[in-house]
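Student: I should like to work through a protein structure by asking about its helices, charges and rings. May we go step by step?

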Amino acid sequence: MLDKSFDYSAAQADFTKQWEESGLTQADPSSDKEPFTIMMPPPNVNGSLHVGHSLVMTLQDVMVRYQRMKGKDVLWMPGTDHASIAVDLLIRKELEAEGLKKEDIGREEFLKRCWAQKEKSGGTIMQQVRQLGGTPDWSRERFTMDDAYMKSVITIFVKMYRDGLIYRDQRLVNWDPKMQTSISDIEVDHKDVKGKLYHVKYPYEDGSGHISVATTRPETILADGAIAVHPDDEKYKDLIGKFVVVPVADRIIPIIADEYVKADFGSGAVKITAAHDYNDFEVYKRHKDKGIPLINLMNPDGTMNENCPEDYQGLDRFAARDKIIADLDDLEYLEKIEDHVHQVPYAERSGVVVEPYLTDQWYVDAQTLGKPALEAVENGDMEFAPKQWENTYFSWMRNLEPWCISRQLWWGYQIPAWYGPDDKIFVAETADEAQAEADSHYGEEVELRQDDDILDTWFSSGLWPFATLGWPDKTPELDKYYPGDVLVTGFDIIFFWVARMMMMGMYVMDGKVPFDKVYMHGLVRDAKGAKMSKSKGNVLNPLDLIEQYGTDALRFTLCAMCGQGRDIKLAEQRLEGYRNFGTKLWNAARYCQMNEAIPRADFDPATVNHAVNQWIIHETYSVIQTLDQSMDSHRFNDAANGLYHFVWGTFCDWYLEFTKPLMDSDYSGETRATTGWVLTQIIKILNPFMPYITEQLNKDLNVSDELLLGQNWPVVDASINYAGAHEQISWLQNVVTEIRSVRMDMNVPASAKLGLLIMNASGDEKTWLDNNQAVISKMARIETFDHVTDMPQGAIQIVIGGMTLGLPVADIIDLDKERERLNKEIQKHEKEIKQIEGKLANENFVSKAPAEVVEEQKIRKTEANVMIEKLSSALKQLNV
């Protein structure tokens, strides 16, 4: 006998272990089954499961469980990323606690600590994926710095270098002065800051006056190379080609014309500091012939370097800012200072202000590499779901800049490039190969030094779809599982990961895309739609949610709310609701077991005779077909909600109630067998979404000795047609629902039994009424059934098709008092709507209130209107 309640904690521990030990999650490249491949986006090796991980892992697991049951050879490839910056920062903090810097212990010792950290915490997040019910092929778990992966990374770097796709260049990068490394755009947070706008006078070289320029970073004046104005700006036309003096630095720089300048912004003149501003660098490239200097005025740690006046050298950049403001003021170059809100870039990890910084780095020719990757989406070889994300992909891929792939860190892939005595570069897969090339080039043995930089983690993770399958070796896995079927990821890394995998995959795999489809999930926000953050105190820890509500409830909640193109507003009430859904199923299964409505191996759905049983078989097949369509189109919310309504509504609330009178009839055997069959189908089709409770039911109800993980997906028998039963029972549901609704709207006591008056019923409707009187009596609290030709005064009328039903309630409720109550309720909701409309018409409220608050008011207005419509309908019925 099933326990009184489902022990999800025990089930989670038991089945998680069974799934992994069963071997059912392992892919088999030698099988003749059709493959289905998903590459797990590798989380940081030092990371912990957050609610975003929970979503992406759940969606993948739902897909792979479904595809396994559909008979596919599934490979869900698990693994972790070495996370250069995150691990580097972690070890630095450890060293700081010991009073040390990384330079004090050296590269070799630092890397030992990194590997020790990986061994200590590297498996944490994968264990947490197990807690979430994840079933990847754990036997193939990879790490982006394991030996085989290292071979892939080094091989492709050398190949790309020799093909002219990787090169070294001097360009601007995002520079983190604390970690002293270049960082990618995704590792930069742009924050609105209340700063200052400094208006500075630049005197003309001939002493005839000055031109005014405003800047938020006055310390960069020391690196100015030009003043730019718009070529069509009348007030400056005569100044183009003249020269000004850089304040404090006392250098002469030209006034140039460039369309980048906005003539109507500020003074219409801007300073060009090419080594410290991205837009200025582009202006510099267009005007190289003007002799504009390219001056880097900072050291890697953000202090001022030898290119500054002597009394600035060694100062921190912000101390230099304070000093130059004072100097400008003393020299009467400072016109005014204004308060100014502007965006400032901060390093996500270290928290310091990022500097655009001119430095030598390694780059990928993204434009050449990206062309096939762009065309693949344009011609439909790879698709996005939802489709609108293609536009985001296109906007970036059609405007590609060189991709900086070097980082000034130690944890990661040290770039396989060596420098000769004259700095000639030798790129090779090993130090010995590089040495042999160098010795051949110089005609003698020379000393080489390896480049200190490491590769950006986005470079190595860009190889994930094929490096994990054995490339550059030709393996059975690579032959069978590349390209993958679908990638599940977030919109924020379309550029940084999706595009890079497309580029790299098509480059080495003969133009084949790495995956056929990319499913872009939304963000998981709090209940009011705000982004979760520790500072707001609104972060939901998925492990805490699992402990409180169970894994099944969390998984089902995420799926049910995951509409394509929409973010998820995650509230604990939703998890509680879906935990109750599991409880509803468990109790229904207990009821079935107590009534011996259990699965029978010899049951044939084509042999049932009673309309109610035929109807539930029709509905079961219908939900399976709809579920298949939803899964094929990655509409997880439609799939989950369809299951919810079928299990809770169709099966529990309707069918089990319909069948109670049948349990003691001539149809009892058929009904028990049908009920057991439907419960079996539910257990199977719900399994990808709620794997633990369904496995427990499969085991405890003796549905099968085999884990659901290895069972087949239910197949719809197209030869069975119970459309007639569907029509009859749908009519019956309508009758019961309408009677219940009237009873509720009219405040008819639940214990009161009513008579039912029937007028103008068709032949079929009379037959259906006769067949289902017992059900209607029980579910709608009806005592008598009478056919009439006219409806008496005071009977509430219900029209269903051509038939009219009457409910005499005058002897049960006070009609006048009920009218008064309904009118008061309508007035209350009308007053509420008026108040809400006043708020929404107030521009002050709409512009200043958080978006989620405004949306909440709109929802309340809609709900109030629905209530008014419902109450008015009830009032109208009373006045008949």
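Student: What should the 14 residues of helix α3 span, and how far apart are its end C-alpha atoms?

Tutor: Please keep in mind that this is a predicted model. Helix α3 covers residues 84-97, and at 1.5 Å a residue its 14 residues should span 20 Å. The distance between the end C-alpha atoms agrees with that expectation, for it is 20 Å.

Student: Which residues of α3 are buried, and what covers them?

Tutor: Buried means a relative accessible area under 20%. In α3 this holds for S84, I85, A86, V87, D88, L89, I91, R92 and L95. The elements that cover these buried residues include α4 (102-121), β6 (181-183), β21 (454-455) and α12 (457-461).

Student: Which residue with a positive phi follows α3?

Tutor: The backbone angle phi is near 75 degrees at this residue, and is therefore positive. The residue that follows α3 with this angle is G99.

Student: How many residues apart are K70 and D628, whose side chains meet in a salt bridge?

Tutor: The side chains of K70 and D628 meet with 3.7 Å from N to O. K70 is in the loop between α2 (51-69) and β2 (73-77), while D628 is in helix α19 (residues 611-632). The pair thus links distant parts of the chain, with a separation of 558 residues.

Student: Is D628 buried or exposed?

Tutor: The cut-off for buried is under 20% relative accessible area. K70 has a value of 40%, so K70 is partly exposed. D628 has a relative accessibility of 16%, so D628 counts as buried.

Student: Which residue forms a salt bridge with E234?

Tutor: E234 is exposed, with a relative accessible area of 61%. The closest N and O atoms of the pair are 3.7 Å apart, and the partner is K237.

Student: What is the N to O distance in the salt bridge of E355 and R317?

Tutor: Both E355 and R317 are buried. The side chains of E355 and R317 meet in a salt bridge, with an N to O distance of 2.9 Å.

Student: Where in the chain do E355 and R317 lie?

Tutor: This pair links distant parts of the chain, 38 residues apart. E355 is in strand β14 (residues 355-364), and R317 is in helix α8 (residues 317-330).

Student: How many aromatic pairs does the count come to?

Tutor: Rings of Phe, Tyr and Trp pair if their centres lie within 6.5 Å. By this rule the count of aromatic pairs comes to 36.

Student: Over which ring does the charged end of R65 sit?

Tutor: The charged end of R65 is 4.2 Å from the centre of this ring. The ring belongs to W19.

Note on methods: Residues are numbered from 1 along each chain as its sequence is written. This is a predicted model: local features need pLDDT of at least 70, side-chain atom pairs count only at pLDDT 80 or more; totals for chains, interfaces and linings use all residues. Side-chain values use heavy atoms; hydrogens and water are left out. Helices (H or I, at least four residues) and strands (E, at least two) are DSSP runs, numbered from the N terminus. The expected span of a helix is 1.5 Å times one less than its number of residues. Buried means under 20% relative accessible area, exposed over 50%, partly exposed in between (1.4 Å probe, protein chains only). Contact means heavy atoms within 4.5 Å. A salt bridge is a side-chain nitrogen of Lys or Arg within 4 Å of a carboxyl oxygen of Asp or Glu. Rings of Phe, Tyr and Trp (its six-membered ring) pair if their centres lie within 6.5 Å; planes under 30 degrees apart count as stacked, over 60 as edge-to-face and the rest as tilted. A charge sits over a ring if NZ of Lys or CZ of Arg is within 6 Å of the ring centre and within 35 degrees of the ring normal.
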